[in-house]
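Here is a short briefing on one protein chain. It covers the fold, the core and the pockets.

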Amino acid sequence: RYVDQVEFQAFKATTRGAIPVFMELAYLCRARWSEIAALRNSDILDDGLRLVRKKGSEGEITAWTPRLAAAVDAARAFNPGAPTPLAGGYLLHTDKGQPISRNGFQSAWGRAMRKWVAAGGERFTFHDLKAAGYSDQRKQDAGHLSDKMHKTYSRKLRIVEPPA
């Protein structure tokens with residue numbers, strides 16, 4: 001389902017830890033959880049944030065905006081004292097410098113979502129954030145190679161002009 005910015009920001013404000021940073025990056029880069037978890041410091045480029053997409057989609061560099069720069073700064077500030085592996089560190093990592101596990105993130109997401117629903121919010125999935133970013137983007141680009149995938153991720157109704 002489509003998650004609008006009012007709901008996105010309200011839910012994000014109720015979360016803590018890595019969740020708000022993951023949310024922001026997933027929305028801005030129109031990305032899956034696994035693609036955000038795989039980001040490394042070396043993906044921070046002069047032109048923007050490089051994203052290697054999964055499932056056969058084309059990768060890209062998401063150009064810098066103040067909002068994306070703030071999200072990357074928040075990611076870099078997350079667990080700043082963690083050791084950095086010689087091969088280069090993950091952008092978002094545990095206090096030991098390791099990537100955040102899917103199970104750990106899903107547990108935290110589930111707890112946050114249960115609180116959100118109990119407070120009257122409507123449930124949505126983390127993957128809905130990719131679709132929201134895609135739907136809100138003017139050009140609607142997320143590396144998809146087919147019209148079928150475009151239709152899958154485009155979740156807002158188009159505004160069309162009536163006949164004259």
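Which residues lie nearest the centre of the largest pocket? They are Arg16, Ile19, Ala108, Arg111 and Ala112, out of a lining of 16 residues. The model is predicted.

**Largest pocket**
- Its volume is about 350 Å³.
- α5 gives the most to the lining, with seven residues.
- The lining holds nine nonpolar, four polar and three charged residues.

**Second largest pocket**
- At least two lining residues come from each of α2, β2 (60–63) and α6.
- By class, four lining residues are nonpolar, four are polar and two are charged.

**Overall fold**
- The protein chain has seven helices and two strands.
- Their order along the sequence is α-α-α-β-β-α-α-α-α.
- Of its 164 residues, 40% count as buried.
- Among contacts between residues at least 6 apart in sequence, 51% join residues at least 24 apart.
- The accessible surface is about 9500 Å², with 55% belonging to carbon and sulfur atoms.

**Nonpolar core**
- The largest nonpolar core has 36 residues.
- Phe22, Leu25, Trp109, Phe126 and Leu129 touch the most other members.
- Elements that each supply at least two core residues include α1 (5–13), β1 (48–51), α4 (66–77) and α5 (102–118).
- α2 gives the most to this core, with nine residues.
- Beyond its neighbours within four places in sequence, Leu129 contacts Val3, Phe8, Met23, Ala26, Tyr27, Trp109 and Phe124.

Technical notes:
Residues are numbered from 1 along each chain as its sequence is written. This is a predicted model: local features need pLDDT of at least 70, side-chain atom pairs count only at pLDDT 80 or more; totals for chains, interfaces and linings use all residues. Side-chain values use heavy atoms; hydrogens and water are left out. A nonpolar core is a set of buried Ala, Val, Leu, Ile, Met, Phe, Trp, Tyr and Cys residues joined through side-chain atoms within 4.5 Å. Buried means under 20% relative accessible area, exposed over 50%, partly exposed in between (1.4 Å probe, protein chains only). Helices (H or I, at least four residues) and strands (E, at least two) are DSSP runs, numbered from the N terminus. Contact means heavy atoms within 4.5 Å. Accessible areas come from the Shrake-Rupley method with a 1.4 Å probe; for residues, only the protein chains shown count as cover. On a 1 Å grid over the protein atoms alone, a cavity is a set of points where a 1.4 Å probe fits but cannot get out, and a pocket is an open set with protein on both sides within 12 Å along at least five of seven lines; lining residues have an atom within 4 Å of a point. Grid points are joined across faces, edges and corners, and a volume is the space filled by probe spheres set on the points. Ala, Val, Leu, Ile, Met, Phe, Trp, Tyr, Cys and Pro count as nonpolar, Asp, Glu, Lys and Arg as charged, and the others, Gly among them, as polar.
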